[in-house]
Amino acid sequence: MHGKLAWLVGWSLLLSTCAIAQKNEVALSVGAVFTESQQTNLLGVACPLGDPNCAGPFNTQAATAVALHGSYTRRLYTFGPASLGVEFPVLGIPSRDANTTLLGVPAGTSSLSSLFFTPSLRFKFLSSGPMSPFVSFGAGLARFNSAEAVNRGSLQFGGGVDFKTPVPRLAVRGEIRDFWAGGFNEGGGIARVSPGQQHNVFAGVGVVFKF
């Protein structure tokens with residue numbers, strides 16, 4: 001009897017120690033990304049008669065595509081049921097079509113890949129409960145590759161919920177994040193682009209490993 005009691009107490013202490021020591025998380029998610037369209041008008045010297053709308057509007061829409069999201073999070077502080085951590089989210093979109101139309105008529109298609117890296121702060125709530133919601137926001141870079149590669153600034157904000165599983169170090173996650181970045185097309189002396197910043201909304205599900 002005493003042996004069983006000692007075993008139960010020891011196991012409980014081990015689980016409690018593991019829970020306390022779990023300051024790190026690695027999350028992997030798969031989902032879809034939707035990006036708002038951009039409209040381009042040629043201006044000034046690009047127009048023979050100086051008409052600001054002589055060519056356009058060209059509408060460019062990136063197709064909704066499968067995306068992979070990963071993040072590493074380190075918990076910094078705990079405030080009762082809430083905690084603050086630093087997070088390093090990376091979103092990758094391997095390939096998708098970007099279709100351009102002129103007044104609704106197809107004008108061209110290109111292949112576009114994207115990568116976002118946005119170090120962030122993350123607030124998590126009820127970490128010891130069966131459901132743990134969190135919010136995240138930060139800033140970093142976006143890189144787009146098509147005929148050429150371009151880099152843009154990016155903000156990231158979003159949140160999700162982690163669901164506990166019977167495995168102490170494993171959780172299931174559902175999340176939505178918006179990577180608000182400078183668009184692949186950029187305005188200049190001969191073109192006006194709207195919007196200059198595009199919302200890239202990721203929705204996905206995945207797993208979280210705690211250690």
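Me: Which residue in S8 is the bridge partner of Ser 113?

Reply: Asn 145 in S8 is the partner of Ser 113. Keep in mind that this is a predicted model: local features need pLDDT of at least 70, side-chain atom pairs count only at pLDDT 80 or more, and totals for chains, interfaces and linings use all residues. Residues are numbered from 1 along each chain as its sequence is written, and side-chain values use heavy atoms, with hydrogens and water left out.

Me: What makes S6 and S8 count as paired?

Reply: Five bridges join S6 to S8. Two strands pair if DSSP finds at least two bridges between them, so S6 and S8 pass. They run antiparallel.

Me: And what is a strand here, and how many does the protein have?

Reply: A strand is a DSSP run of E with at least two residues, a helix is a run of H or I with at least four, and both are numbered from the N terminus. The protein has twelve strands and one helix.

Me: How many bridges join S7 to S8?

Reply: Five bridges join S7 to S8, and the two run antiparallel. Ser 120 stands opposite Gly 138 in S8. S7 and S8 form a hairpin with five residues between them. In that turn, Leu 126 has a positive phi of about 55°.

Me: Which strand forms a hairpin with S8 across three residues?

Reply: S9 does. S8 and S9 pair in the antiparallel sense over 15 bridges. Met 131 stands opposite Phe 163 in S9.

Me: How do you know that strand S1 and strand S12 are paired?

Reply: Strand S1 (residues 24-35) and strand S12 (residues 197-210) share eleven bridges, in the antiparallel sense. Phe 34 stands opposite Val 201 in S12. Strand S10 also pairs with S12 in the antiparallel sense, over 13 bridges.

Me: Why is Phe 125 called partly exposed?

Reply: Buried means under 20% relative accessible area, exposed means over 50%, and partly exposed is in between (1.4 Å probe, protein chains only). Phe 125 has 35% relative accessibility, so the label is partly exposed. Phe 125 lies in strand S7.

Me: What is Phe 125 in contact with, leaving aside its neighbours within four places in sequence?

Reply: Contact means heavy atoms within 4.5 Å. Phe 125 meets that with Pro 81, Ala 82, Met 131, Ser 132, Pro 133 and Val 135.

Me: What makes the nonpolar surface patch, and which residues form it?

Reply: Patch residues have over 30% relative accessible area and no salt bridge; nonpolar side chains (Val, Leu, Ile, Met, Phe, Trp, Tyr) are joined within 5 Å, like charges within 9 Å. The nonpolar patch here is made by Leu 121, Phe 123, Phe 125, Leu 126, Val 135, Phe 137, Leu 155 and Phe 157, and covers about 660 Å². Strands S7, S8 and S9 each give two or more residues to it. The largest share, three residues, comes from S7.

Me: Why is the link between Lys 124 and Asp 162 called a salt bridge?

Reply: A salt bridge needs a side-chain nitrogen of Lys or Arg within 4 Å of a carboxyl oxygen of Asp or Glu. For Lys 124 and Asp 162 the N to O distance is 2.7 Å, so the pair qualifies. The pair links strand S7 to strand S9, 38 residues apart.

Me: Which salt bridges does Arg 173 make?

Reply: One is with Asp 162, at 2.6 Å, N to O. Another is with Glu 25, at 3.5 Å, N to O. Glu 25 in strand S1 and Arg 173 in strand S10 are 148 residues apart. Glu 25 and Arg 173 are both buried. Glu 25, Arg 122, Lys 124, Asp 162 and Arg 173 are linked in a network of salt bridges. The structure holds seven salt bridges.

Me: What makes a nonpolar core, and which members of the largest one touch the most others?

Reply: A core is a set of buried Ala, Val, Leu, Ile, Met, Phe, Trp, Tyr and Cys residues joined through side-chain atoms within 4.5 Å. The largest has 14 residues; Val 33, Ala 67, Leu 91, Ile 93, Phe 116 and Phe 144 touch the most other members. The largest share, three residues, comes from S5. Ala 67 is in contact with residues including Val 33, Leu 91, Ile 93 and Phe 202.

Note on methods. Accessible areas come from the Shrake-Rupley method with a 1.4 Å probe; for residues, only the protein chains shown count as cover.
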